Structures are given as structure tokens and as C-alpha cells.
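Please examine the structure shown below.

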Amino acid sequence: MKKVLIIITILIVLILGYVLSFPCDGFPETTFLKYFYNLKCQPSKDQGQKGSLPPINPPGNNFSQNNNFYNNQGISAVSKVKKVSDIKVLNYTVNKNGEVILIDESGKIIKKSGPNEEIIYNPGASFNFYKNISFSPDSSKIIFNFKDSASIFDVSSKTWSQIKKLNSKIAISLENKAAYFKTENGKNNIYQLDLTKKDASPTKLLETNFLDSELIWKDKENLLITTKPSSLNVNYVWLFNVKNKTLSVIYDYLGLYLNWNEEAKGGTIFYSGELGKGGEFYLVAPNFKLQKLNFITLPSKCNFYKPLSKENFQSNNPTSTNPTSTTTSTANKKPSEDIFLICAVPRDQDVLQEKLVIDDYITKNLYTEDNIYKINVKNGLTETVFSDQNKYFDVDKIKVLNNKVFFVNRFDNNLYEIDL
Amino acid sequence: MKFQIKILIAILFLSVFFLNKLVFAQNNSEELLISWEALNYTPYDFYGKNLPSPGSTINVGFDFVQNGKIVDLSQNKIYWYINDNLVSNDKGVKEISFIAPNLTERVVEIRIELPDFNVIKLIEIPIVKPRLIINAPFPKKEINMNEFEVSAIPYFFNLKKYDFDEININWSINGIDALGKIEDPFVLPIKVLGNNQTIINIQAYAQNVNDESETALDEINLIFKK
């Protein structure tokens, strides 16, 4: 009898251990197991003060030399900052071949490969102001979001398609699936459109009354629904499971502003302090747990990347000194296991505590002068990428590809790059 | 059956019962997902939230989520309160519109009650003045060029056609009236004579031509330094 008891106990322990050993990302979708998923993966209400990364010292000071995290790989980034183009850009992307595609202030779409620039679309006098411009993650499509419609430009075929009656900008997933709000009969419904199929029809995913909201792909099965950011409003993040059509509340904070990177399976979040002033900045894990960072910046000033190994980087970098590097193929690239967060951080942290950070920044009442740091997400080790006090960059639209940091400097709207 | 086996079975049953309770509790969540929008003017590239100023139309909508699914409320009474005043208690009304009040209060409280589900939720919508920002993208607000431009950007004005023509803009430099560009009065060209270090005070004042009470002012100091 005792043996039976022992066997049953062991079995229960094994089953529990097995269930709890699933990673949050790959947890089974069984209803019964949701408890275990929630137990393991859902964020707790008191999150926010967990862990911390090395502090960035008060304004005017760089990291002190006795700080082990200071510049520990000897990066001297000052000489590596390079202006990519004198063109004033509205937005840009970089494809995996290292080609930069940028949209200038007159609406021209320009492809830049090394020193060569090619205008691939010129709107001429028909240029109209776009509400915003975004890109598919693979840079194959450019989305021009107008107030109530969007035009999608296919970079390779140079053809246009259009989505009408939009009520949000379009979010495009890694699998090239578009998601957006569409106004119909007084409702704002969530639609999905497969951009990989030429004649695909949009599919209605959910009928909602959500107003003034945006969609972000968390992963291939989940959309994040967020409020447009403001320091003075209690903004939310809701999670919508596209497969099960279920909704849940993730965050609900004053001045919340989220940025998510589907590829890195992580994000950054800012939320305001009392009365909307100042705030706190967090790293967001795939399960939405938050890890506080000891500096304030805006999510638009940070992005993730997985560095290429040195060998792969050299063989794939067209500007490499390696004489054999004639290809720009990425087929053999192997990202390292480490994930880094590249963040531009305002040098004057104190002034932010007195500002409605999001509102003042977005309305151009606030410009910042930034340093750039590289933070290892796993262990918090931080390196300085750029901290030249004689140069001034207000970093916006930061992206990292092929071991280079790209950003638009809000002081001159030019595109810059820094080698990592 | 032996006593131990009975105990074991009882423990297993209790475990399953409590586990199910917990699973049920996790899935039995109820949430009112409330969102709102304010209809007023912001520039084409503004990606923040339009905040209502007095006179802006505000739309508020919600969905009630139970066990992750949106509930059909077409047959349920929904109570809407604005600043504690009942404005609707009809069945199935999931969206209301109203005009933002003046700034006697800094927020408007919206309360939604679903008595059939014993659910109440309250949100606050901030009311702000229209804003005018002098856009001067110069590091440390220092400038070393003798000729340069700044621009004024209006936010949250209640315009009829959402057109710049509906806003009058007036400029002054160091207290003296100045003129914006003829082709774009929202851009102010500035010319500094000489190379001495000086502080340039710039003021901009905007007024809605449709509603003269709707105004906004901004002021900055730039340091001219060669």
C-alpha cells in the first residue's frame, strides 16, 4: 500500500513539475492548465520594483571609472557616429541587406545602399501629409497612414494597395499579417489582413467599442491594444488573443507608454509620476513582468537587438575591411544568445522630473540631449555606446541592425548611424 | 477499502476541487474596458493622445468582458454618469458623446454601472487648455547662426475645418511685434545683427478665429552665442 502511495505522490509531483517547467512563451493552451500559466506567467499587481540595472549617474557625470559596467569593452563611439544622409527624413527602415530606405520631407521614397541613392517613388506635387509612416518588420512594405485610410507600398514590386475606413495605424507582424481598427456602423472592429497573399480579404477578428486605440503584435497569436500616450491620462494595455478571441487587462497606469518588439519578445514601458510629471521606465518581459531601469527615457528611444557573431558580422558587412566580403546575404548569420537593449538616455535626468515627459516630448516642447547605452538584458551589464558631451543628439526612431545603431536626430531630422 | 486509500482519494478529490476553484476564479474575471477620444485639432504627425479642451466633443465607449469574452449587453440597463449626473440608463448603450466643460474642474468623471452584473467603474478624463508650442530645436536652446527660424505648433484647438486658417497667430521678439512668414505665418524668421552674445525672447499668441475665448500663449528664451 505504501508503495502505491509513494508512486501516486511521485506521479503528482512529476506532473506538476512537468507542467510548471513549460516556458511562458510555449505554454499549452489547455483550459485546465491556464491556472498554472497564470501562476507562473501572469504579472503580479505589485510588480515594478523588481531588479534593477546599473544606475546612470546624475546629469553632468559619466559613469565613474570604478563602476565595473563603465565602457567595459573599451568602446570609443565618438568617432563612429556617422551621418547616413543629409536628407531630412520623416521615417526610415533598414533591410537585412543593410540598405536604408527613407522617406524624406517631400514624400520621396529613397533607397540608399552605401553611397548610392535611388528614388524609388516620387509623389511629386501630389504629396500629402501622412499621419504617420510605418514599416513591415522585414522592411518589404511601407505603410502610409492617413487619417482614415492607409496606403501600402511594396518596395520590391513598387506597387500600391489601400485600406479604407481605418481608425488606427496598421500593425504588421513578423509573418506579414496586418491588424488594424476599422470603423463600421459606429463600431471600431479589429481586422486582420494577410499581406503575403495577393488577393487576400480582410478578416474581422472582433467587434469592439474601443476608441482612440492602437494595435501592436505581441506575437503571432496575440495583439496588444494600447491607448495613444499622454502623461495626463490613465492609459491601458489590453491583450487580445487572435486565436481564442479573448481579452484581458495587462496594465492600467497614468501616462503609460509601451513599445514592443515582436522579434525580441520584449518591450519597454514608461509611466508617469504624480500629476503626470516625471515617471519610471521599465523593461517588459514576454510574460509582462516588469524590471525597473534606473533611468528615465522614452520607449521610442530604445530598441532591442541580438548581435551577430564577429565572424558572421564581418562576412556580412559590406563596409567590412575583409577583402572577401562581397556579399550582403544574411543566410548564414547566427545571432548570439544575448539580447541587448539599446537606449538613448537624456543626460539631464533631473529636468524630466519636472516635465510631463510624454506630452512635452511629443508636442516638441521638450528636446533632450542623449547618451546611448547598450544593456545586456540577461545580466544588466551596461556599456556606453555614445556619450560625447560636445555632440547633441535627440535620438528618435532608434533601430539596430547588422551591429549598427540607426536613429533620427530630432535637432536636424537627419539619419545617423553608430557602429557597435 | 483501506483507510489510507480513502484518505488519499479524499485528498485527491479536494485537490482537484480547489484547483478547479482556482482555475475558475482566474477565468471568471470581469472587466469594463473603457476608452475615449477627444475630437479637436492636433498636427498631422502628432502621435500622442488628443486631450479635450473646453468645447471639444468627447466620445466614451466601453465593452464588458467576462471570462475573456465581450458580453452582449443589448438587453441590459447601462447607467452612465458624468460628474455624478445620470445622463443615460437605457438598455445596451455602450457609447456616449458630450461636450467638454470649462476648466472649473480639471477632470471629468465618467462612471458606468451595470447593475445586472454588479459592476461599477469610474474613469477620469483630463481637460486641458489649448496649447501652443514654440518649436525651437536647438541644443541647450543656444543658437550660433545669425539667421534662423522657429515655428509655432497649436494643439487641442476646437476648429471647424481642422485648418490652420482658423487660428490667428501673433509673434513678438524681445517685446516688439514681429511678422511670421507670408506663406506660413506659423514660421517666424529671425535675423540677429552683430555677433554679441544676447538673449532672444520670443513670444507667440494664438487665437481661434471662430471662438475668441480660445487662446494659447508660449514664450521661450534663446541664447545667441557665436
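**Cavity and chain contact**

In this predicted model, the lining of the second largest cavity consists of five nonpolar, three polar and three charged residues. This cavity holds about 50 Å³ of space, and residues of both chain A and chain B line it. The points below treat the cavity and then the interface between the chains.

**The cavity**

- Across the whole structure, a search finds two cavities of 30 Å³ or more.
- From chain A, the lining of the second largest cavity includes Pro229(A), Ser230(A), Asp359(A), Ile362(A) and Thr363(A).
- From chain B, the lining includes Phe46(B), Gly48(B), Lys49(B), Leu51(B), Arg131(B) and Phe156(B).

**Extent of the interface**

- In chain A, 51 residues are in contact with 53 residues of chain B.
- The two chains bury about 4,400 Å² between them, and carbon and sulfur atoms give 60% of this area.

**Polar and charged links**

- Four salt bridges are counted between chain A and chain B.
- Lys49(B), a lining residue of the second largest cavity, forms a salt bridge with Asp212(A) through their side chains, at 2.9 Å from N to O.

**The side of chain A that touches chain B**

- Helix H1 (2-20), helix H2 (34-41) and helix H5 (357-362) of chain A each give two or more residues to this side.
- Strand E16 (234-241) and strand E17 (246-254) of chain A also give two or more residues each.
- By class, this side of chain A has 25 nonpolar, 13 polar and 13 charged residues.

Note on methods
Residues are numbered from 1 along each chain as its sequence is written. Chains are lettered from A and ligands numbered from 1 in the order in which they are written. This is a predicted model: local features need pLDDT of at least 70, side-chain atom pairs count only at pLDDT 80 or more; totals for chains, interfaces and linings use all residues. Side-chain values use heavy atoms; hydrogens and water are left out. On a 1 Å grid over the protein atoms alone, a cavity is a set of points where a 1.4 Å probe fits but cannot get out, and a pocket is an open set with protein on both sides within 12 Å along at least five of seven lines; lining residues have an atom within 4 Å of a point. Grid points are joined across faces, edges and corners, and a volume is the space filled by probe spheres set on the points. Ala, Val, Leu, Ile, Met, Phe, Trp, Tyr, Cys and Pro count as nonpolar, Asp, Glu, Lys and Arg as charged, and the others, Gly among them, as polar. Contact means heavy atoms within 4.5 Å. Buried area is the accessible area (1.4 Å probe) that two parts lose on being put together, summed over both. Helices (H or I, at least four residues) and strands (E, at least two) are DSSP runs, numbered from the N terminus.
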